[in-house]
Amino acid sequence: MRTELCDLFGIDVPIFAFSHCRDVVAAVTNAGGLGVLGALAFSPEQLELELKWIDDNVDGKPYGVDTVMPMSYAGKDEGLGKSDSETGEVDASVFQKMIPEETKKWIESVLEEYEVPPLPDEVSGVDSGVGGGSTGLLGWTDGGGRNHVDVALRHPGVKLLVNALGPPPKDIIDLAHEHGVKVAALTGAVEHAQRQKQAGVDIIVAQGTEAGGHTGEIGSMVLIPDIVDAVAPTPVLGAGGIASGRQAAAAMALGASGVWTGSVWLTVSEADVSPLVKEKLFSARPRDAVRSRSLSGKPARLLRTGWTEAWEREDCPGALPMPLQYMACSEAQTRIGLAARKKGAKARELVGMPVGQVVGRMTQEMSSADVIYQFIDEFVETTDRLQRSLDAADAT
Ligand SMILES: Cc1cc2nc3c(=O)[nH]c(=O)nc-3n(C[C@H](O)[C@H](O)[C@H](O)COP(=O)(O)O)c2cc1C
């Protein structure tokens with residue numbers, strides 16, 4: 001499975017793993033792949049602690065950090081979402097004022113329907129466990145993303161900076177390069193991949209619509225070769241619907257230099273995903289991973305739940321633009337998470353998380369290392385099988 005990316009990063013296999021969980025990141029890196037920590041839900045201080053922990057647990061091996069600096073969000077053109085030059089804080093209150101009362105009332109009506117009680121005083125402002133934070137602004141603005149980059153570049157183990165929802169700003173790419181850090185960016189469209197290459201991105205992640213999280217409309221089978229051809233010789237990681245060695249072999253047959261994976265790490269033993277959500281993921285089928293604006297305002301593939309269904313209903317006022325949608329729902333998510341702890345609670349029907357169509361293959365808990373070893377075994381079997389068909393053709 002060796003490609004040029006193995007030499008570039010000093011890794012054994014070109015399997016890149018996105019996870020919000022530091023234990024998964026470290027486990028993948030230790031098993032010979034490259035773990036990448038999603039920074040979105042962490043404050044800069046918390047991210048510092050997470051990266052310090054990873055440094056202490058990977059014995060000098062490389063890992064990455066993923067930030068979200070979107071090309072577009074509400075108020076970006078008016079200069080909102082920047083960090084204060086002295087405190088580094090991003091003002092969430094201006095965004096909070098932009099959330100319509102109608103949306104707040106409608107969210108409350110859904111919570112009532114599912115018998116979700118108000119927040120107890122003692123947990124007001126506490127994170128829901130899906131990364132809510134007290135305001136729900138997360139790292140979804142330019143300023144939040146920049147704060148994450150500042151922290152990431154202080155850690156010499158960080159060898160890859162990845163950005164979702166567009167290329168990172170040019171000065172960030174230059175800064176990463178000055179630190180000897182490679183830059184990757186996710187995309188679901190050929191034109192965006194070309195723009196990322198022009199901006200100086202070193203590795204393009206071609207992510208098909210099958211993927212969990214924010215995703216476009218084109219399937220991996222079509223997208224990967226189109227992007228490989230459009231940006232050559234820039235290396236491409238194939239993403240979206242890859243959870244096995246056979247799928248990795250397919251992506252690499254399409255021209256990818258490795259694979260970028262997300263969903264498959266949600267059900268590994270190291271993942272800090274709740275037992276309720278893991279159970280839901282184990283029994284879900286591919287069609288249960290639906291594209292919905294209910295998480296962030298931009299289309300993202302999520303596990304179908306009462307929550308995603310509610311946002312499709314006729315009485316729904318419609319999702320808000322990023323970052324307002326997550327902010328509008330952040331407290332609701334905390335309340336749902338707390339209410340769902342009770343066995344038999346109706347609120348359990350609302351609990352879900354982003355996941356891709358490969359969820360149908362995620363049927364049992366395994367360690368991250370075993371997932372990597374299974375990828376490698378199946379990749380070898382697949383390429384052997386293809387080689388045998390070539391040998392058979394030669395023999396006739
Ligand atoms: C739970 C979850 C959260 C995600 N959050 C982010 C994120 O914050 N930043 C990002 O670049 N990609 C995010 N993604 C997308 C992944 O980086 C990756 O592109 C995707 O999972 C690949 O497709 P797969 O899910 O079929 O493996 C997320 C994916 C999942 C499943």
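A closed barrel of eight strands, in the order S1-S2-S3-S4-S5-S6-S8-S9 and with parallel pairing, is present in the predicted model; two strands pair if DSSP finds at least two bridges between them. Helices (H or I, at least four residues) and strands (E, at least two) are DSSP runs numbered from the N terminus. Strand S1 (residues 15-19) runs parallel to S9 and is joined to S9 by three bridges. Ala17 stands opposite Thr261 in S9. Residues are numbered from 1 along each chain as its sequence is written. In this predicted model, local features need pLDDT of at least 70 and side-chain atom pairs count only at pLDDT 80 or more, while totals for chains, interfaces and linings use all residues.

H6 lies across S3 and S4 and runs at about 165° to S3. Helix H9 (residues 220-231) lies across strand S6 (203-207) and strand S8 (236-239), at about 170° to S8. Axes are lines fitted to C-alpha atoms, for helices over the stretch in contact, and angles run from 0 to 180 degrees between N-to-C directions.

The axes of helix H3 (residues 44-57) and helix H6 (residues 142-152) come within 9 Å and cross at roughly 30°. H3 and H6 are therefore roughly parallel to each other (angles under 35 degrees count as roughly parallel, over 145 as roughly antiparallel, 65 to 115 as roughly perpendicular and the rest as oblique). Pro44, Leu47, Glu48 and Leu51 in H3 meet Asn147, His148, Val151 and Ala152 in H6, contact being defined by C-beta atoms, placed from the backbone, that lie within 7 Å. By class, this contact of H3 with H6 has five nonpolar, two polar and one charged residues. Ala, Val, Leu, Ile, Met, Phe, Trp, Tyr, Cys and Pro count as nonpolar, Asp, Glu, Lys and Arg as charged, and the others, Gly among them, as polar.

The axes of helix H2 (residues 22-30) and H3 come within 10 Å and also cross at roughly 30°. That makes H2 roughly parallel to H3. Arg22, Val25 and Ala26 in H2 meet Glu50, Trp53, Ile54 and Asn57 in H3. The contact of H2 with H3 comprises four nonpolar, one polar and two charged residues.

Around the ligand are 27 residues, of which Ala164, Gly212, Gly213, Gly262 and Gly356 come nearest; a residue is near a molecule if its C-beta atom, placed from the backbone, lies within 6 Å of it. Strand S3 (63-68), strand S4 (158-164) and strand S9 (258-261) each supply at least two residues of this shell. The shell divides into 15 nonpolar, 10 polar and two charged residues.

Definitions and conventions
Contact = placed C-beta atoms within 7 Å.
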